[in-house]
Amino acid sequence: MSQPSDTGRASPRVTVQFDHPDRRYEPQDAITVRYRIEGLDGERTQAVEHSIAWYTEGKGEEDLGVHFFERVTDPARLPPTSNGGEFAARLPSSPLSYEGVIVKLRWCVRVRIFFQASRDFVSEHVFDVGRIPPTRVPPARSP
Amino acid sequence: MRLPRFFGKKRGHRRTGSQAWGSFGDGAFHGALLLAGLVFGGLLVSGVAVPEWRINHDFVATPCTIVGKGLARTAVQDRSGSTAATWQPRLRVRYEADGLSHEAWSRPPSATAATDRDLALGRLATWQLGETLPGWYDPSNPAVVVLERGYNWWMWLLALLLPGALVAFGGSGLLRAVRRWGRSEESQAAAAGLNDMLDPLSRVPRHAPDHPAVPACEDMVNSPGTILRYRLPIESPESWTLLGFGLFALLWNAVLAVLAVGAGLDLMGGRRDWLLLALLIPFAVVGIAGIGLFIRGLVLATASGTTQLEISDHPLRPGQRYDVLLAQGGAGTFRDLEMTLELEEQATFRQGTDTRSEKVVVARQPVQSWRGVQLVPGTRFEAHATITIPPDAMHSFASEHNSIRWMIVVRGRPARWPAFTRVFPLIVFPAPATGARAGGEAGS
């Protein structure tokens with residue numbers, strides 16, 4: 001899933017390849033991600049950030065935990081010289097992906113492109129850690 | 001041209017609003033607080049602290065001879081037009097400074113203002129003409145002399161505390177905003193340690209070592225059990241209600257006592273403030289009701305006896321079985337006593353200016369229940385049970401606004417007292433990794 005932080009200009013496309021085709025990992029697994037950036041329309045970039053993170057979704061305010069973070073500013077590794085990249089990390093033992101009722105926990109890979117025109121574009125790709133089945137609300141207690 | 005959005009709103013996977021403008025607003029707000037603290041602090045230091053410090057360090061000692069006495073009258077007119085005056089003793093003293101003789105009016109030592117002129121005259125009479133007092137003159141302006149030195153600690157406290165709080169709060173907020181400026185949320189979260197230190201309102205829970213986002217359980221394994229390994233801490237919602245009633249009764253009746261003493265002193269002095277007396281009656285009714293509610297809550301909380309729970313191991317792991325010992329004190333008959341293992345989700349969110357929390361029990365597993373339990377005073381009901389954490393269970397989780405909590409809940413229905421619920425939190429770690437898989441083939 002790719003989305004601009006600010007709309008109205010060129011909307012790049014970031015395609016991501018996980019080393020596990022089913023995007024399902026176990027805790028402490030190694031994860032390797034390759035990505036490719038397209039559709040920049042000649043717009044100049046100043047940095048690309050790679051992150052592996054978890055975030056909460058649901059009724060509460062969103063919480064974010066970053067497990068791996070890397071900021072690339074070397075022009076040799078940035079478009080237009082290089083239109084892609086790769087990064088790898090070993091996943092932690094927790095938290096696991098969780099599909100609850102009012103709290104959901106998702107793991108994702110984010111590639112954030114910073115343009116020289118003071119705007120940025122983020123592409124987010126969700127994957128699973130662990131195998132926790134989705135939760136359903138149990139029937140209410142009888143009095 | 002689009003106007004910038006100063007607010008952010010969560011819409012599914014994305015957040016609307018401008019992060020840059022948000023950071024700017026945050027920085028401007030904290031910058032204004034910092035500036036206010038610096039200006040206020042500067043005024044207090046230059047107007048109060050520095051003159052007082054100079055008197056104690058720079059002024060030169062000289063003997064002063066009293067050559068005149070008088071009262072300084074200060075009149076203040078209130079809204080109704082009536083004038084209230086205070087009287088303060090003043091002494092005219094003669095002293096030597098830089099080889100020259102000077103005369104000046106000054107405030108005598110320990111001279112306080114009085115609303116009664118005769119009282120002030122009585123105080124003034126304690127100083128005699130021709131008497132010599134120690135004094136200190138200003139070397140840069142010998143016409144200024146004081147007859148008393150020392151520090152006004154309340155003023156120093158005020159000068160340091162209020163501007164200090166503004167400078168600390170504004171400065172840390174401004175530093176936080178500067179650190180966030182132009183940085184992505186991932187970059188900020190990756191440097192969470194320092195950001196949390198700079199954000200006094202941040203409530204990030206402590207995590208277990210090597211288990212990010214799993215709450216720490218040191219506080220839950222520091223109490224050994226009598227039969228099983230650990231005694232679990234209790235988290236009783238009734239205790240918080242009782243504490244709330246107690247605090248309310250204490251504070252309300254403290255205010256009531258202050259008002260009642262004031263009214264009593266007025267009555268003894270022959271004055272009757274009918275408005276105050278009329279206010280005291282409903283205040284007293286609320287105060288007595290508060291004490292009554294507290295005593296009722298205390299009786300209800302203690303009458304059904306204490307509940308203790310012990311467990312064979314902690315933290316827990318999915319797929320594992322654990323022995324649990326329930327011990328219920330008290331007297332009389334319990335119609336029901338029930339123990340369940342529950343998983344609860346808790347989310348904290350902002351609604352307008354309020355911060356709200358919502359809890360949902362998403363898994364409930366009956367452990368054991370008992371009917372018609374007869375308790376004898378001096379002994380306790382004890383029962384062993386076994387709990388099993390499901391193999392595919394979610395582990396305990398805690399972040400700033402969301403949590404997933406495992407707990408054992410004991411519900412009791414005593415025959416003579418209202419039902420109670422007592423909660424014993426548990427920490428469940430993720431199942432140990434069975435060995436990381438090797439990296440597979442590339443996919444998309």
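In strand β11 of chain B, residues B:T307, B:L309 and B:I311 point one way, B:Q308 and B:E310 point the other way, and all are buried. Buried here means that 20 or more other C-beta atoms, placed from the backbone, lie within 10 Å of the residue's own; 12 or fewer counts as exposed, and anything in between as partly exposed. Because five of the five residues of β11(B) (residues 307-311) are buried, the strand is largely enclosed by the rest of the structure.

The model is predicted: local features need pLDDT of at least 70, side-chain atom pairs count only at pLDDT 80 or more, and totals for chains, interfaces and linings use all residues. Residues are numbered from 1 along each chain as its sequence is written, and chains are lettered from A and ligands numbered from 1 in the order in which they are written. Helices (H or I, at least four residues) and strands (E, at least two) are DSSP runs, numbered from the N terminus.

Strands pair if DSSP finds at least two bridges between them. The strand pairs are listed below.

| Strand pair | Sense | Bridges |
|---|---|---|
| β10(B) (residues 230-231) and β11(B) | antiparallel | two |
| β11(B) and β12(B) (residues 321-328) | antiparallel | five |
| β2(A) and β4(A) (residues 30-38) | antiparallel | six |

B:I311 is the bridge partner of B:Y230, and B:I311 also has B:V324 in β12(B) as a bridge partner.

Helix α7 of chain B (residues 274-303) has 30 residues. Its span from first C-alpha to last is 43 Å, close to the 44 Å expected at 1.5 Å a residue, where the expected value is 1.5 Å times one less than the number of residues. After α7(B) comes B:G305, with a positive phi near 85 degrees.

In chain A, three strands form an open sheet in the order β2-β4-β7, with antiparallel pairing. β2(A) (13-18) and β7(A) (84-90) are the edge strands, each pairing on one side only. From one strand to the next the twist averages 20 degrees, with axes fitted as lines to C-alpha atoms and angles running from 0 to 180 degrees between N-to-C directions. A:Q17 stands opposite A:R34 in β4(A).

The contact between the chains takes 44 residues from chain B and 50 residues from chain A, counting residues whose C-beta atoms, placed from the backbone, lie within 7 Å. On the side of chain B that touches chain A, the largest share, six residues, comes from β14(B).

Methods
Contact = placed C-beta atoms within 7 Å.
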